[in-house]
Structures are given as structure tokens and as C-alpha cells.
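Subject: Structure handover

Hello,

Here is the structure I promised you. Please open it first, then read my notes below with the model on screen.

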Amino acid sequence: MATEVLQQDAQAPARAATLYHIENPEVENKAERFLNAFAAVLHFTDYKALLDSYCASSAKCGRCVASCQVYQVSRDPRDIPCYRSNLLLDVYRRHFTVGGWLKAHIGGGWSLTDALVDEMADIFYRCTACRRCTLECPLGIDHGLITRLGRYILSMAGIAPKALQVSVREQLEGETRNTSKLPEPALVDTLEFLAEEMAESLGVKLEFPLDQPDRDYGFFCAVSDYLMEPDTLMGNAAVLYAAGDWDRWTIGSRNFDAINYGLFYSDWHLERIIKRLVGEAKRLRAGTLLIGECGHASRSACQFVPVFAGQDELPVKSFIEYTLECIEDERIHLDPDIVTEKVTYHDPCNIARSGWIVEQPRRILRSFVKDFVEMTPHGRTNYCCGGGGGLVSMDETHEWRMKVAGRVKAEQIRATEAEIVVAPCANCKKQLKELVDYHELPCRVMGLHDLVLRAIDIPGGKSARQRQDEAALAATA
Amino acid sequence: MEHWLELARGPLFAFTFLVMGLGLARHVLLQVHGLVTRKGQRLRQAPWRRIASSTLSWAVPVGHLDRSTLVMTTASFLFHIGAVVVPVFLAAHVALWSGFLGVSLPALGEGAADLLTALTIVCVLVLVAYRLMTPRARALTRASDYGVLGLVLVPFLSGFLAAHPTLNPLPWSWMMLLHILSAELLLLAIPFTKLAHVVLFPFDRLSEVHWQLRPGAGDRVAAALYGEEAHV
């Protein structure tokens with residue numbers, strides 16, 4: 001019935017406007033291309049067993065709506081996670097199972113049309129891929145995985161959001177090999193600038209390690225950190241320096257971008273980007289991949305390096321885990337009297353939903369933040385910022401992210417009355433900053449290490465108290 | 001009439017039970033085969049402990065109750081208890097199992113059986129009402145979803161009436177025949193409808209295993225569609 005409703009809907013042209021721009025909107029024979037791509041995916045991947053199981057047992061109970069922050073605001077049946085999954089399951093049932101074939105030929109059933117492919121493209125990108133609904137499905141149906149599979153098939157049929165596609169193309173096939181098109185000389189300039197900043201503010205002379213072989217840690221962050229989040233990067237660097245690990249890490253000049261949009265829409269891109277990451281670590285003979293503050297980059301590396309790296313597999317560590325170790329081993333000291341504001345913490349879905357990184361950042365924050373307040377709910381059952389699944393990179397979705405997908409998060413933040421929202425994720429930070437502006441929330445958004453940078457004592461350099469006094473003096477002067 | 005009852009209780013039951021068993025075995029074998037041949041070594045990398053704990057958290061879903069789904073979840077939970085316990089442990093069924101499969105199971109007391117059966121019937125009606133009355137469930141519900149609830153309702157209702165002559169509007173043997181035939185229709189339907197979740201639910205919960213993607217598959221899909229020199 002879901003499909004029948006859609007078929008009727010698709011004939012009403014005034015209804016939904018596609019939320020994002022695909023690169024080549026004039027793609028012809030979309031239904032045929034979609035089915036060809038679907039067939040190829042089924043042939044070469046392992047999804048078939050899961051689709052069979054879901055198709056034969058999905059109960060369509062509707063429990064998932066209670067967990068979906070998009071549906072809670074839009075109240076649009078098309079935003080029910082199970083409804084969305086059943087769009088793809090219906091195509092699978094109809095075109096790739098004997099039962100579906102028989103039904104279509106005996107009962108005069110439906111076939112996939114171009115309009116239905118358009119509808120799927122629209123609906124699959126009205127999901128932030130936060131996977132909160134999966135926790136609420138009694139059968140454990142992973143609507144995030146099915147939505148992602150739908151996006152993957154669409155992308156192999158030539159239908160993918162331009163913003164993601166252009167970035168991945170530059171990362172995999174462009175000259176700069178990163179999603180922001182940051183050329184290597186610009187990276188070197190940025191690192192010099194950061195070193196000067198740190199010399200001035202922290203009172204230590206240092207040089208960022210670039211292409212140093214045989215180090216314990218190969219450091220990869222979202223490339224946007226180099227462009228827009230200097231405090232996050234300096235926070236990372238300050239921890240490495242204060243912990244005495246300055247000679248143990250390196251950045252790689254040939255690949256310094258941990259962003260992996262493949263996680264959001266394509267197995268093909270996901271694997272190639274992981275292999276690039278591992279390849280650079282191998283070139284530098286780094287011991288461990290150390291991933292900067294970024295939800296999806298951390299998850300894709302942690303989850304997919306073991307899957308795709310083969311013999312080149314190496315350990316993956318999130319920078320949050322590293323910083324907590326440094327605190328617990330008493331290798332760094334964070335001054336508990338510096339941060340006096342009320343602070344709350346936003347769990348990025350990609351690291352929190354599985355329960356992987358939930359307690360670690362809280363232990364870090366509680367070690368030096370006096371006034372820490374939780375959002376409700378938080379941790380594994382957190383609400384997404386509203387920009388997950390790659391949507392935050394698509395400017396066309398801005399209004400929808402503000403009014404619909406991010407509404408629940410905005411209310412949640414407002415209810416905490418926090419002055420600082422900490423979000424250790426490049427995507428979440430961008431979305432949350434936009435939400436704060438749009439909903440006029442009385443708070444600031446920053447990364448975890450931005451706050452660590454404020455409170456960290458630098459051995460041989462300035463203490464956090466010293467820096468605070470200097471800043472106060474400068475302000476009065 | 002007695003002949004018909006004997007036929008329904010004997011060979012027809014054996015046949016439907018066999019079809020159900022084979023149909024469900026097919027589901028399980030296909031799943032296991034798919035996992036073992038396709039996933040192989042990657043099965044070891046899956047977070048089995050997390051899969052187990054999330055599965056167990058649904059055995060008694062007290063951790064999953066919230067206001068908007070309270071009625072539906074409670075009805076569904078209680079329904080599942082009745083739907084499993086009554087068909088297996090009702091005294092008359094226990095006698096049937098012992099004659100048919102040679103196993104002797106403990107039997108439910110009459111009062112407990114009545115209570116559970118009535119509860120199951122009420123729960124089915126609540127679930128029907130839920131599908132009819134909440135917009136979100138209506139958007140998801142197809143005719144087959146009502147059909148499945150009906151398939152479950154009839155054997156429970158007819159069994160209850162057959163056991164309570166004062167409430168039963170039909171002759172006992174007719175009601176019993178209706179009970180047996182509707183139960184057999186339900187058994188037949190299990191492998192071919194969403195009721196297959198009776199064996200597939202553990203496989204539905206394996207999405208973390210399916211996130212262990214197949215190395216090299218992305219390249220092969222791209223090459224098959226766009227040639228070896230495929231570009232992003």
C-alpha cells in the first residue's frame with residue numbers, strides 16, 4: 001500500500017520538492033537504471049540475506065515513529081522509518097523475488113517507475129541516518145542500513161547529492177585528495193599559523209610534525225578542522241604536547257582528510273576512502289590511526305578499517321579515547337577552575353549509538369567542568385543534531401534542517417539552559433551552530449578539545465590560570 | 001462429522017505441520033547459508049555481545065516503554081505470551097502432541113488457559129484498533145496485516161467457544177472443526193507471511209553483521225555497471 005500511495009502521490013506534481021540537488025538531474029530511464037544497479041549490488045554484495053529476512057518478517061508495527069525526530073516534527077507518514085524502509089523492500093519483493101514476480105504477472109501488480117525512483121531519492125534523503133529508530137524496532141530492523149542501501153543503489157544509478165559527490169570526487173580522484181580542496185601548501189601554511197598561535201598563547205615553541213615516518217600515531221581529522229576549527233586542532237595538539245607525545249605523532253601530507261562521505265551513501269566510496277587512509281598510514285609506517293574529533297570519520301575508520309584493510313589493518317583510536325587515557329594516566333592536567341560556564345554535551349550519533357564513545361567524553365568533561373548538565377535523552381539514545389547522514393553538507397537542506405530535522409535538538413539544548421554545547425564532531429558543530437543562530441539559543445557551540453585547550457596546563461609553557469590572567473589583563477587594557 | 005474431525009486432526013494436521021516446518025526450515029537454511037558463504041571470516045568481527053544484549057532487552061520490553069507506544073507494546077507483549085503458551089501447553093493440545101510427536105509436556109490448568117486465551121483475544125482486538133485508529137500505524141498497515149491478525153484471532157476465539165458450551169452458538173463439533181481448520185490455516189500461513197518472524201527474528205537482529213561489508217564488492221558493482229575505468 002505504501003507504494004500505491006506513492007504512485008498516486010507521484011502524479012500530483014505540486015507536492016514534494018526534492019530537498020537537494022543531484023548532479024545530473026536529466027538522468028533518463030531512472031527505473032531501469034535503478035533496477036540494474038540494484039541487481040548488480042545484490043549480485044556482488046551480501047545484502048540479499050538481510051533483505052530476505054526483513055521482507056519476510058517486517059511487522060510494520062509503527063513503534064519506530066516514537067523515536068524519529070524528523071517524524072515528530074513533520075508528522076508526514078513518508079518520514080516513518082519503517083515506511084521508508086518498505087519502499088526499498090517493496091522494490092526488492094516485486095523485482096527480485098519469485099513471489100513478487102508471480103504476484104505481478106498473475107495479479108496485475110505494479111512495476112518501478114521513474115517517478116517512484118524520484119520519490120525514493122527524496123525520501124531517502126529526508127533521514128539523518130542517526131539509527132535511533134533501530135533501537136526501538138522490536139525486530140531490530142536497521143532502517144539506517146536500509147536507507148543507506150537505498151542511497152547506495154541510487155548513487156550507482158547516477159542519482160546522488162551534488163555536494164557529497166563533488167567532495168568525494170576531489171578526495172578520490174582530484175589533485176588535492178581531500179574533500180575541501182585544500183592544497184598541500186595551504187596545509188603547510190595552516191600548520192605554521194597554528195604553531196605561531198600556540199607559541200603566543202601557550203608559550204611553547206613547536207613545529208607540527210608532517211610526514212614523519214615510524215611514529216606511533218598517524219593523525220587524521222576532518223579536513224574542515226584545518227580550515228574552520230583551529231581551536232579544536234590546537235586543543236588536540238596541546239594534549240599531545242602536554243602528554244609528552246609530541247615526537248610520537250605525525251600528519252601525512254598526501255592524505256590528511258578523515259572525512260568519509262561513503263559512510264552516508266556508497267559502499268564503493270566508503271571502501272576506497274578507507275584504503276586511502278590506510279595507505280597513507282602505511283606509507284608513513286604509523287602504528288595507530290588517531291582520528292580527530294569527528295563522529296562519522298571516527299566510526300568509518302573504527303568500523304571499516306578492520307573490514308577493508310586486509311593485511312594492512314592497524315589499530316584505530318579516537319582522539320577522545322586518547323585524551324581520556326592521558327588524563328587517567330595523569331600525563332596531562334586540566335585546571336578545574338577555568339571553565340565556569342554551564343556546559344552540556346551533544347552525543348554524535350555515529351560514535352554514541354553503538355555505545356562506543358559515550359562515557360569517555362563525559363569523564364573528560366567532569367574532570368574539569370564544574371557545572372555539567374545532561375540533555376534528555378542522551379548517550380546511546382541521544383537525538384541527532386539534525387544534520388547527520390551527510391545532510392549538513394547540502395546547503396539546499398538548510399531550511400529543512402532548521403525547521404524540521406533539528407527542531408527537537410534545539411528544544412533539547414534550550415531546556416538545559418547551558419551556555420556551552422560541546423559537540424566533538426565537525427558535522428554536528430556546523431549544524432548546531434546554524435541551529436543556535438536560527439532558533440536564537442543563548443549558547444555557544446564548540447568542540448571538546450576547544451574546551452580542553454582552555455583548561456590545559458602546559459608543562460614548560462603557560463598554565464591555564466596564567467593564560468586566563470593574561471587574557472583578563474588584555475581585556476581591561 | 002466425527003470423520004471430518006478425525007481427518008482434520010490427523011492427516012490434515014500432519015500435512016500442515018510439515019509444510020510449516022519445511023517452510024520455516026527453508027527460511028533458516030537460506031539465512032544460515034547466506035551468512036556462512038557470504039560473510040565467512042567477517043562473522044567473527046561482528047559485535048556479538050551487543051547483538052545478544054539488544055535481543056535480550058526485547059524479551060521483556062520494560063526498558064522500551066514510553067507513553068506513545070505503551071498500549072501497543074503492552075498488548076503486543078502479552079499477545080506473544082498467549083500466542084506461544086496456549087497452542088503448546090493447553091491440556092487438549094498436550095494430549096495431541098503426545099499422540100502426534102510422542103513428547104509429553106506439562107499442561108496448563110483450566111483457569112490459566114481460559115485467562116490466557118481471553119487475554120490473547122483482547123490483545124488482538126487492541127492491536128486491530130491500534131492499526132485502525134493511530135495515523136502512523138494506518139500509514140504502514142496493508143490489508144495483509146489485518147489478514148494476519150484475523151488468521152490468529154479465529155483459532156483462539158473458536159477454541160475458547162468450543163471449550164465453553166454456554167457461550168458457544170454453534171454445535172460443538174462444528175466449532176471444533178472451525179477451530180482445527182483455522183489453526184491449520186494459520187500454521188500454513190506462518191512461513192509465507194510476516195509470521196515467519198517466529199524463526200527469522202534472530203536474523204533480523206543481525207544488522208551489525210551486515211555492516212561488515214564485503215571487501216571489493218564496491219569496485220565490482222561499479223565495474224559491472226560502468227566498466228573497469230568507472231569514475232566517481
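This is a predicted model: local features need pLDDT of at least 70, side-chain atom pairs count only at pLDDT 80 or more; totals for chains, interfaces and linings use all residues.

Domain bounds here come from an automatic or database domain assignment.

**The domains of chain A**

Chain A has domain 1 (2–160), domain 2 (171–328) and domain 3 (342–468). Look at domain 1 and domain 2 of chain A. Their C-alpha centres are 35 Å apart. Nine residues from domain 1 of chain A and nine residues from domain 2 of chain A take part in the contact.

How much area is buried between these two domains of chain A? About 720 Å². Carbon and sulfur atoms give 47% of that area. On the side of domain 1 of chain A, the residues that lose the most area to domain 2 of chain A are Arg148(A), Arg151(A) and Tyr152(A). Together they make up 58% of what that side buries.

Now the polar side of this contact. There is one salt bridge between domain 1 and domain 2 of chain A. Zoom in on Arg148(A) and Asp267(A): their side chains meet in a salt bridge, at 2.5 Å from N to O. Between domain 1 and domain 2 of chain A, six residue pairs are in polar contact, both residues being at pLDDT 80 or more. Which helix gives the largest share of the domain 1 side? Helix α9 (residues 143–156) of chain A does, with five residues. By class, the side of domain 1 of chain A that touches domain 2 of chain A holds five nonpolar residues, one polar residue and three charged residues.

**Chain A against chain B**

Next, turn to the two chains. The size of an interface is often given as the accessible area lost when the parts come together. Between chain A and chain B, that buried area is about 5200 Å². Carbon and sulfur atoms give 57% of it. In chain A, Phe44(A), Asp46(A) and Arg63(A) lose the most area to chain B. Those three together account for 14% of what the chain A side buries.

Seven salt bridges are counted between chain A and chain B. Find Asp46(A) again. The side chains of Asp46(A) and Arg214(B) meet in a salt bridge, at 2.8 Å from N to O. The count of residue pairs in polar contact between chain A and chain B is 26, with both residues at pLDDT 80 or more.

**Helix α17 of chain A**

Is helix α17 (residues 319–328) of chain A mostly buried or exposed? Eight of its ten residues are buried, so the helix is largely enclosed by the rest of the structure. The buried residues include Phe319(A), Tyr322(A), Leu324(A) and Ile327(A). Glu321(A) is also buried in α17(A).

At the start, a side-chain oxygen of Ser318(A) comes to within 3.0 Å of the backbone nitrogen of Ile320(A). Just after the helix, Glu330(A) has a positive phi of about 55 degrees.

- Ser298(A) sits in helix α16 of chain A. Ser298(A) is buried, with a relative accessible area of 3%. Apart from its neighbours within four places in sequence, Ser298(A) is in contact with Ile291(A), Gly292(A), Ile351(A) and Trp356(A).
- Lys181(A) lies in the loop between α10 and α11 (184–202) of chain A. Lys181(A) is not a glycine, yet its phi is positive, about 60 degrees. Lys181(A) counts as exposed, because its relative accessibility is 57% and the cut-off for exposed is over 50%.
- Arg285(A) is in the loop between α15 and β3 (288–291) of chain A. Its phi is also positive, near 55 degrees.
- Pro377(A) is in the loop between β6 (371–373) and α20 (398–405) of chain A. The peptide bond from Thr376(A) to Pro377(A) is cis, and omega is near -10 degrees.

Over to you.

Terms used
Residues are numbered from 1 along each chain as its sequence is written. Chains are lettered from A and ligands numbered from 1 in the order in which they are written. Side-chain values use heavy atoms; hydrogens and water are left out. Contact means heavy atoms within 4.5 Å. Buried area is the accessible area (1.4 Å probe) that two parts lose on being put together, summed over both. A salt bridge is a side-chain nitrogen of Lys or Arg within 4 Å of a carboxyl oxygen of Asp or Glu. A polar contact is a pair of N or O atoms within 3.5 Å; within protein, one must be able to donate a hydrogen and the other to accept it, and residues adjacent in sequence count only if both atoms are side-chain atoms. Helices (H or I, at least four residues) and strands (E, at least two) are DSSP runs, numbered from the N terminus. Ala, Val, Leu, Ile, Met, Phe, Trp, Tyr, Cys and Pro count as nonpolar, Asp, Glu, Lys and Arg as charged, and the others, Gly among them, as polar. Buried means under 20% relative accessible area, exposed over 50%, partly exposed in between (1.4 Å probe, protein chains only).
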